Amino acid sequence: MKQWWQKEVVYQIYPKSFYDSNHDGIGDVKGIIQKLDYLKELGVTMLWICPIYASPMDDNGYDISDYYAIHPQFGTMEDVDELIQKAKAMGIKIIMDLVVNHTSDEHQWFQEALKNPDSPYRDFYIFKEGKDGHAPTNWRSIFGGSVWERVPNEDNMYYFHAFQKKQPDLNWENPKMRQAIYDMINWWLDKGIAGFRVDAINFIKKNQAYPDGKVDGADGLCSCIDYSRNQEGIEVFFQELRKNTFDQHECMSVAEACGVPYRQLAPFIDEKDGCFSMMFDFNYCDFDIGEHEEWFIRKAWTPKEYRDMLFLSQQEVNALGWVASFLENHDQPRSVNKLIPVDEERNYFSKTMLAAMYFFLRGVPFIYQGQEIGMENACRHSIEEFDDCSSINQYHRALEEGFTEKEALHFVNMRSRDNARTPMQWNDTTYAGFSDTAPWLALNDNYHMINVEKDRQDVHSIFKFYQAMIRLRQNSEYSDILTYGDFKGMKYQDEILAYQRSYEGHVVEVICNYSNTSQSVKLNGDIQVLLSNDDKIDEGLHLRPYGCVVVSIK
C-alpha cells in the first residue's frame, strides 16, 4: 500500500554545526530557519533535526534532561514552532530525533531516583546490586568501560548505561515509564511535526537474566551488545509503542537499529505488523569494522563485496517493508573517505557516482548536511582535538588492545563521528560562513575549495547533481518508477554497480563505474540517458573512471 512518506527526500541537520545566527559559534534553530530557502532550492521535502532538547551535552544532545524543553544554545520552543510553520509554508516537513533508550543523568526522573530509593522513579531506570564485590555483570558499554556505574551514597548499588555513564538506560519493563514516554511522543506529534527518527531503539530490551559474558578484551569485559541489543521480546514493546503513538497520528517513523540480522527485521518494518515506517540498514554500512563496532578491528573489502551487501540489503528489506537509504549521518565518517580509499580519486566524479549509486535505490533517500557539496573528513593530529566522546573512548580502547598512539589516532581519524560534525561550509570566508565567531568544533581546512557558494555557481557541481537527482525522482515522468518500482540488482563486470527499477512495464537502470579505469556496459533495447555525471556519455555507455548514468530502457 502506498504511503505519503514514500515520496519524501529527507535532509538531516546537525543543528550545532549547520548555521550560527547569534554569533556564539554554535548553530541554532534560527540558523536553520535562515537557510530554508537554500534547502528549498536543493529540493528536499523533509528535515530531520538532530536533538535540540535540554541537555548537559555530554553526548552532544543525545543525553536529554528534559524532553519538553529546548537547550538555550539552540534557541526557544517558540523558535521551533516558527521553524515548523515556516518550513510547512515552503512544503517542507520536520521530523525530530527521538531518544528513548536512555536519558541524561540530569533528567528529573533520574535525579528523583537517586535521591530516594523508594521513589517510583527508581523503577524508571535499571538499578541492581553488585555481585561478589563487583558490578552486577562484566558487560562493556558501547562507549567503553563497564555498563554499570556505582550509585553515590549507597552500598553495593549500580545503575545501567549501555552508552555513556551520564546516559542511564530507561527501564522499558516498567509500564508507567513507557506511558510517560508515549505521552511525550504524542505531545510532539500534536505540535505538528511529521514524525521521528528513533535513536538506538533496538537497545530498549535487555536480557533479564543479566548473565556474565565471555571476556573479549584486555579490559576484562565483554561487549554488552549480545545482551542488550535485538533481544527476544522487544517486539512486544514495539507493538505497544506503535499502538499508543504512531497509529494515533499520520506520521513517519524511522528506526536507527544497528546490527539487526535480516531474519529479525519483521518487528521493525513488516508492512502489517512492524512498528516503524522504515529503518536504516547498517549491514552495508559498518562492513569495514568489527561486529561489536570497534574501530580498531579493520576489515578488508572490495567494491564487488560492497555491491553484493547493498543488493542483499535491498532484497531482504524490500521483501518486508521499506528502507531509509543513506550514505552519511552524524555518527558516520564522510562517505567519500570511507568508500573511495585513495585520496587522489576523491573528486566530482567519485562523489556523484556514490550519490547516484544510493539515491535511486528502493527506499526514502536521506542526505546528510554537506553531503550535497562533497564535504570530507578532517584530519586531526592529536586526541585532544576530538570532541566526540565515542572517538575518545575508542582511542583508549585501541591503546588497551596494544596499538600504538599513532595507530589508535589513525583508526579514530578514519571513523570519528566528528568527521560529519565539522561546521557546514557555506563559503570561503573566515569560519566558512558558518559563523563570524570561532566555531565550537574546528573547521575542515578544505572549506576554501569545498563550499556551498562555489558549488552553486558551478554548472557542473556536486550540488547541481544532487538537485538533478532530486528533480528526476520527485518531478519527472519517472517519479513513480524511482519511488515505487521494484529493485533488481544487475551483474556486469566486478567494477560495475548497477540496478534496475521497474514499475508498470517501465524500466530505469542506474549504472555506476566503481573503479578508476574506464568501463563499458552493453544494454539490450532502446535507451534514453536521463542523468549522468559525464557530459560525453552516449548510448554506447562507455563510462569514464567513476562515471555514472541513469537510463530509461524501452
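Helix 12 supplies the largest share of the lining of the second largest cavity, namely four residues. The structure described here is a predicted model. A search of the whole structure finds six cavities of 30 Å³ or more, and the largest nonpolar core has 151 residues.

**Cavities**

- The second largest cavity has a volume of about 110 Å³.
- Its lining is made up of 13 residues, and those that lie nearest the centre of this cavity are Arg140, Ser141, Ile142, His292 and Glu294.
- By class, three of the residues lining the second largest cavity are nonpolar, seven are polar and three are charged.
- The largest cavity holds about 450 Å³ of space.
- Around the largest cavity there are 28 lining residues, with Phe163, Glu256, Glu293, Asp331 and Arg417 nearest its centre.
- The lining of the largest cavity comprises eleven nonpolar, eight polar and nine charged residues.

**Nonpolar cores**

- In soluble globular proteins, nonpolar side chains tend to be buried together.
- Within the largest nonpolar core, of 151 residues, the residues with the most contacts are Tyr11, Leu47, Phe196 and Phe366.
- Apart from this core lies another, of 17 residues, which includes Phe143, Phe160, Ala162 and Cys224.
- Beyond its neighbours within four places in sequence, leucine 47 is in contact with Val10, Tyr11, Ile13, Ile32, Leu36, Leu39, Ile92, Lys93, Ile94 and Ile95.

**Helix 13**

- Helix 13 spans residues 405-415, and its buried residues are Ala408, Leu409, Phe411, Val412, Asn413 and Arg415.
- These buried residues pack against helix 10 (335-339), helix 12 (389-400) and helix 14 (418-421).

**Glutamine 332**

- Glutamine 332 is placed in the loop between strand 14 (324-325) and helix 10.
- Glutamine 332 counts as buried because its relative accessibility is 3%, under the 20% limit.
- Its side chain makes a polar contact of 3.2 Å with the side chain of aspartate 286, and another polar contact of 3.2 Å joins the side chains of glutamine 332 and lysine 338.
- Leaving aside neighbours within four places in sequence, glutamine 332 is in contact with Phe282, Cys285, Asp286, Lys338, Arg415, Ser416 and Ala420.
- Glutamine 332 and arginine 417 are 85 residues apart along the chain, while their C-alpha atoms are separated by 5.5 Å.

**Asparagine 171**

- The loop between strand 9 (157-160) and helix 5 (175-191) contains asparagine 171.
- With a relative accessibility of 10%, asparagine 171 counts as buried.
- The side chain of asparagine 171 reaches the backbone oxygen of aspartate 123 at 3.1 Å.
- Asparagine 171 is in contact with Asp123, Phe124, Tyr125, Ile126 and Met177, when neighbours within four places in sequence are left aside.

**Glycine 145**

- Glycine 145 lies in the loop between strand 7 (139-140) and strand 8 (148-150).
- With a relative accessible area of 34%, glycine 145 is partly exposed.
- Not counting residues up to four places away in sequence, glycine 145 touches Trp139, Arg140 and Leu221.
- Glycine 145 and glycine 220 are 75 residues apart in sequence, and the distance between them is 9.9 Å, C-alpha to C-alpha.

Note on methods:
Residues numbered from 1 in each chain as written. Predicted model: local features only at pLDDT ≥ 70, side-chain atom pairs only at ≥ 80, totals over all residues. Heavy atoms only, no water. Buried < 20%, exposed > 50% of the residue type's maximum accessible area, 1.4 Å probe, protein only. Helix = DSSP H or I, 4+ residues; strand = E, 2+ residues; numbered from the N terminus. Contact = heavy atoms within 4.5 Å. Core = buried A, V, L, I, M, F, W, Y, C linked by side-chain atoms within 4.5 Å. 1 Å grid on protein atoms, 1.4 Å probe; cavity = no way out; pocket = protein on both sides within 12 Å on 5 of 7 lines; lining within 4 Å. Points joined across faces, edges and corners; volume = space filled by probe spheres on them. Nonpolar A, V, L, I, M, F, W, Y, C, P; charged D, E, K, R; others polar. Polar contact = N/O pair within 3.5 Å; in protein donor to acceptor, adjacent residues only side chain to side chain.
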